[in-house]
Amino acid sequence: MLPVKDTTHTYRTLEEIRQRKEELAQQISSDSTRFSTLWNDVFIKKENTSKGDYIASLVSKGFVAFDAFLMVRKLMKTYGFLTGKSKKKKK
């Protein structure tokens with residue numbers, strides 16, 4: 001089991017509080033820039049892609065979509081009663 005990190009701080013003066021506030025603002029700023037660069041890396045189109053890469057990407061996305069469709073179908077068949085869709089009884 002991992003050790004629990006103590007997150008509480010004891011502050012004695014207003015200067016310590018201001019200093020901690022500045023530290024946290026710097027951390028938030030650095031995290032924000034890091035997240036924005038990661039976000040841009042995910043969604044910016046790559047310029048140097050060939051037709052083969054494009055087709056491979058389409059095929060891969062098609063398989064993922066088909067797999068997701070089959071999974072949802074199976075889950076709805078198994079757990080459809082949770083959403084209010086019950087099977088009709090055959091006569």
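R34 and D31 lie three residues apart in helix α1, a spacing of about one turn of the helix. In this predicted model, the two side chains form a salt bridge, with 3.2 Å between the closest N and O atoms. R34 is partly exposed, at a relative accessible area of 46%, and D31 is likewise classed as partly exposed, at 31% relative accessibility. The charged end of R34 also sits over the ring of F35, at 5.4 Å from the ring centre.

Side chains of opposite charge can pair when their charged atoms come close. The count of salt bridges comes to two. Besides the pair described above, R20 and E23 meet in a salt bridge with an N to O distance of 3.6 Å. These residues are both located in helix α1, which spans residues 14-43, and are three residues apart, about one turn of the helix. R20 has a relative accessibility of 24% and counts as partly exposed; E23, with a relative accessible area of 34%, is also partly exposed.

Of its 91 residues, 1% are buried. A nonpolar surface patch of about 730 Å² is formed by M71, V72, L75, M76, Y79, F81 and L82. Within this group, M71 belongs to helix α2, residues 51-79, and is partly exposed, with a relative accessible area of 49%. The count of aromatic pairs is zero.

Note on methods:
Residues are numbered from 1 along each chain as its sequence is written. This is a predicted model: local features need pLDDT of at least 70, side-chain atom pairs count only at pLDDT 80 or more; totals for chains, interfaces and linings use all residues. Side-chain values use heavy atoms; hydrogens and water are left out. Patches are made of residues with over 30% relative accessible area and no salt bridge: like charges are joined within 9 Å, nonpolar side chains (Val, Leu, Ile, Met, Phe, Trp, Tyr) within 5 Å. Accessible areas come from the Shrake-Rupley method with a 1.4 Å probe; for residues, only the protein chains shown count as cover. A salt bridge is a side-chain nitrogen of Lys or Arg within 4 Å of a carboxyl oxygen of Asp or Glu. Helices (H or I, at least four residues) and strands (E, at least two) are DSSP runs, numbered from the N terminus. Buried means under 20% relative accessible area, exposed over 50%, partly exposed in between (1.4 Å probe, protein chains only). Rings of Phe, Tyr and Trp (its six-membered ring) pair if their centres lie within 6.5 Å; planes under 30 degrees apart count as stacked, over 60 as edge-to-face and the rest as tilted. A charge sits over a ring if NZ of Lys or CZ of Arg is within 6 Å of the ring centre and within 35 degrees of the ring normal.
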